[in-house]
Amino acid sequence: MMLHKNLIAGEWSGSTGTANINPSNTNEVVGEFAAATRNDTLTAIAAAKAAFPRWSRSPILERHALLKKAGDEILVRKDELGALLAREEGKTLAEATGEVLRGAQIFDFFAGEALRLSGETLPSVRPGIGVEITRDAVGVIGIITPWNFPIAIPAWKIAPALCYGNTIVFKPADLVPASSWALVDILHRAGLPSGVLNLVMGKGSIVGQTMLDSPDIQAITFTGSTGTGKRVALASVEHNRRFQLEMGGKNPFVVLDDADLQVAVDAAANSSFFSTGQRCTASSRLIVTEGIHDKFVSALTERLKTLVVDDAMKAGTHIGPVVDASQLKQDVDYIAIGRSEGAKLSFGGEVLERSNPGFFLQPTLFTEASNAMRICREEIFGPVAAVIRVKDYEEALFVANDTNFGLSSGIATTSLKHATHFKRNSEAGMVMINLPTAGVDFHVPFGGRKGSSYGPREQGRYAAEFYTSVKTAYTLA
Ligand SMILES: NC(=O)C1=CN([C@@H]2O[C@H](COP(=O)(O)OP(=O)(O)OC[C@H]3O[C@@H](n4cnc5c(N)ncnc54)[C@H](OP(=O)(O)O)[C@@H]3O)[C@@H](O)[C@H]2O)C=CC1
Ligand SMILES: O=C(O)CCC(=O)C(=O)O
């Protein structure tokens, strides 16, 4: 089997590899991928540093053309790349192809942004002086990504970093390197100069830690767990480095008595169980008012009975496998915790056998849960949700906001008054009305509040806040 190597200073290198396993069929090796050492990582950082002066001053048309070319190739290959993503991560083929399409759209968006770089000119408060405000590239950006969106998250970090003239050291999750490798290969062949984008696959404890410890990385953008996010933050403060964190969620989805039941059930099923619940925007707390509670639980349970859990590549599969054995153990442990805390297991909870060996888990619904339970406070990151019964909208809003996290939230209601109040008072970065809490657009800001996020927003033109440094210049006329 071909060894997929790291890209360091424009050269593919590396010898030892780790096998990437298909979670729908653990007998299938998706590919062999090189594991970077500490020295490889240091070489990649040095290459990115050396490439920065030239790339940060590169013509905007060069950046535009490169980003456009990459987006075009991703689009043309979306079915093949979608299949690769589904095989390595386990989301369904339809979800994976949609994610690849999103990756193409992100490159297209930032190809456009490269042509729209702008600044401001203002008069000084002192007569005869002009003020110019411009944005410079930041320097070497460290990109550390998780396993759950192996092409979209790298795309929404790499595309703006390149667009604004930064160079990159990119470490994808060790569990799912294939889609990231394909993305880097596309960018490399599109003609990126040597050293501008370096790929260092391997373990977070080696590659990631070397990046955190380096004084030559000016900014780190990270998506993943709260624990690793804290390490990124502490190391970055030590190096006076800019950092941006997207971490977990415990996102609420409120269902009010006046909701359209069909809309509420569709949105809840999507939010909590699609993509196997492995989205930081997934909703794991369904907060339901008394008048609709029983009808909602019974309609959602009927829906869950129709969802097919199977191989991500099979036509007709609604929910693919959990990503690996350790995430499956975490999900199963939380199901046991929920039961021991006194929540009622209304549906699911069983690990399933399918024709191939894989990590299949039934969508799992708890009812009679309280917001104080661990299953309602800690991120599970699997197809597990808990219904919390509340008296009215006011209690629903209080419970929705009673969490350490604040990434996304949702409400199902036909009341304009409640929808408007929820939009204004939900303590989340992204609020959805009659829509799932997950599944966001690629051209608008993405990010949360409280323990979910730190630093400027990602995506859309708001991405410029992280990937550029503002300069204010005064000129005596
Ligand atoms: N917010 C989100 O979108 C996500 C949240 N999670 C949450 O995190 C839990 C655990 O998932 P996990 O994959 O372990 O998350 P991590 O936070 O460990 O992984 C995210 C990235 O950080 C890297 N990393 C790990 N340790 C270090 C380190 N010391 N220095 C620098 N980088 C490091 C990982 O490398 P590597 O994996 O290669 O070792 C990976 O590339 C999940 O169950 C879920 O609750 C997980 C994924 C996404
Ligand atoms: O919901 C989405 O579309 C994006 C989710 C995401 O970025 C994540 O789970 O990390």
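Helices H3 and H6 (residues 177–189) pack with their axes within 8 Å of each other, crossing at roughly 150°. The axes here are lines fitted to C-alpha atoms, for helices over the stretch in contact, and angles run from 0 to 180 degrees between N-to-C directions. H3 and H6 are therefore roughly antiparallel to each other, a label for angles over 145 degrees, while under 35 counts as roughly parallel, 65 to 115 as roughly perpendicular and the rest as oblique.

This is a predicted model, in which local features need pLDDT of at least 70 and side-chain atom pairs count only at pLDDT 80 or more, while totals for chains, interfaces and linings use all residues. Residues are numbered from 1 along each chain as its sequence is written, and chains are lettered from A and ligands numbered from 1 in the order in which they are written.

- By type, the residues of the contact of H3 with H6 are five nonpolar, one polar and one charged (Ala, Val, Leu, Ile, Met, Phe, Trp, Tyr, Cys and Pro count as nonpolar, Asp, Glu, Lys and Arg as charged, and the others, Gly among them, as polar).

**The whole chain**
- You will find 15 helices and 23 strands in the chain; helices (H or I, at least four residues) and strands (E, at least two) are DSSP runs, numbered from the N terminus.
- The C-alpha trace spans about 70 × 65 × 40 Å along its principal axes.

**Two domains**
- Domain 1 covers 3–247 + 452–476 and domain 2 covers 251–433, with bounds from an automatic or database domain assignment.
- Their C-alpha centres are 31 Å apart.
- Domain 1 puts 20 residues into the contact and domain 2 puts in 24 residues.
- On the domain 1 side, strand S5 (25–34), helix H3 (78–89) and helix H4 (93–114) each give two or more residues, and H3 gives the most, with four residues.
- That side of domain 1 holds six nonpolar, nine polar and five charged residues.

**Around ligand 2**
- Ligand 2 has Asn148, Phe149, Ile153, Thr223, Arg279, Cys280, Thr281, Ala438, Gly439 and Val440 around it, each with its C-beta atom, placed from the backbone, within 6 Å.
- Five of these shell residues are nonpolar, four polar and one charged.
- Domain 1 and domain 2 each supply at least three residues to the shell.

How values were computed:
Two residues are in contact if their C-beta atoms, placed from the backbone, lie within 7 Å.
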